[in-house]
Amino acid sequence: MSGELNNRIRVFRAEHRMSQGELADEIGVSRKTISTIEVGRFVPSTVIALKIARYFDAPVEEIFSLAD
Amino acid sequence: MTDKKETLAQFYERLQQRVALCVMMMSVAYGFGTAQYFVPAVAGQLDTLQTIVAVAAALLVLPLTIQATLKRTRNRKACKEPEGFIAEAARKAGFGAWTATFIALVFLSAVTRRTLVDVPAETIVQMVLSVSLAAFAIAFFWLSRDVVDDEDEFADEADQ
């Protein structure tokens, strides 16, 4: 296990036809935070990860997972 | 694209970027202060420059700091994005600045034993401050730089 964090935020956003800015507004962070999480440049805190999961009404492990 | 109202998270991001810019300016100001000892012929001009840059830095950050205080007073529960990307960049830059300060102090303690013996403590302090603040600002701007794949494919749709 490499410890690298994968995420499916872009997929969930696409399903909801939602921009990074809209998601950022919904969970109270900046658009840059969302964009850097999506590309794997920034590992979000547990609070942000849980807020994203709650917003999409999905388990957090469905959105974030560790790379094999 | 329509003009959207700035969210609190965006505001705090802008505030942190402005603070980093002012930190860079203060680094330059302390650099002028240091240079006064080494170039005494233009010490007067350097002193004036140091004051101008320091005042400009203060004027640059003061309005946003007042705004931030007002926002905090009005809405204590407001999100300050304490765990966002920019806050993380600032934390990492702080660690980089601490490391740079430590290295600068170790280097100067060695150098001032043999050479630069007569350099006043004030100059040494200004030198270390300059290095420390520059390290913070440079690290912050590097860590928070934009990346090429930073795109928002549904942004146009959202604006319509």
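Leaving aside neighbours within four places in sequence, B:Ala134 is in contact with B:Met24 and B:Ser27. Two residues are in contact here if their C-beta atoms, placed from the backbone, lie within 7 Å. Between B:Ala134 and B:Met24 there are 110 residues in sequence, yet from C-alpha to C-alpha they are 5.5 Å apart in space. B:Ala134 belongs to helix H4 of chain B; helices (H or I, at least four residues) and strands (E, at least two) are DSSP runs, numbered from the N terminus.

Good morning. Before I continue, a word on the model itself. It is a predicted model, in which local features need pLDDT of at least 70 and side-chain atom pairs count only at pLDDT 80 or more, while totals for chains, interfaces and linings use all residues. Residues are numbered from 1 along each chain as its sequence is written, and chains are lettered from A and ligands numbered from 1 in the order in which they are written.

How confident is the prediction for chain B? Its mean pLDDT is 87, and 84% of its residues reach 70 or more; pLDDT is the predictor's confidence in each residue, from 0 to 100. Where pLDDT is low, the predicted coordinates should not be read in detail. The model scores ipTM 0.83 and pTM 0.84.

Let us turn to the architecture of chain B. It has five helices and zero strands. Of its 160 residues, 28% count as buried. A residue is buried if 20 or more other C-beta atoms lie within 10 Å of its own, exposed if 12 or fewer, and partly exposed in between, with C-beta atoms placed from the backbone. B:Ala134 counts as partly exposed because it has 19 C-beta neighbours inside 10 Å. Among contacts in chain B between residues at least 6 apart in sequence, 82% join residues at least 24 apart.

I now come to the helix pairs. Two packed helices are described by the angle between their axes and the distance between the axes. Axes are lines fitted to C-alpha atoms, for helices over the stretch in contact, and angles run from 0 to 180 degrees between N-to-C directions. Helix H3 of chain B, residues 85–114, packs with H4(B) at an angle of about 150 degrees, and their axes are 8 Å apart. H3(B) is therefore roughly antiparallel to H4(B); angles under 35 degrees count as roughly parallel, over 145 as roughly antiparallel, 65 to 115 as roughly perpendicular and the rest as oblique. The residues of this contact of H3(B) with H4(B) divide into 17 nonpolar, five polar and one charged. In these classes, Ala, Val, Leu, Ile, Met, Phe, Trp, Tyr, Cys and Pro count as nonpolar, Asp, Glu, Lys and Arg as charged, and the others, Gly among them, as polar.

In the loop between H3 and H4 of chain B we find B:Leu116. Its phi is positive, about 50 degrees, although B:Leu116 is not a glycine. B:Leu116 counts as partly exposed, because it has 14 C-beta neighbours inside 10 Å.

The second pair in chain B is H1(B) and helix H2, residues 43–74, whose axes come within 9 Å and cross at roughly 165 degrees. H1(B) is therefore roughly antiparallel to H2(B). The contact of H1(B) with H2(B) has 22 nonpolar, three polar and three charged residues.

What of chain A? In helix H3 of chain A, residues 31–38, eight of the eight residues are buried. These buried residues pack against strand S1, helix H1 and helix H2 of chain A, together with helix H1 and H3 of chain B. After H3(A) comes A:Gly40, with a positive phi near 80 degrees.

The axes of H2(A) and H3(A) come within 8 Å and cross at roughly 115 degrees. H2(A) is therefore roughly perpendicular to H3(A). By class, their contact has three nonpolar, four polar and one charged residues.

Which residues lie in the loop between H1 and H2 of chain A? Among them are A:His16 and A:Arg17. A:His16 is partly exposed because 14 other C-beta atoms lie within 10 Å, whereas A:Arg17 counts as exposed because it has 11 C-beta neighbours inside 10 Å. The phi of A:Arg17 is near 45 degrees, a positive value in a residue other than glycine.
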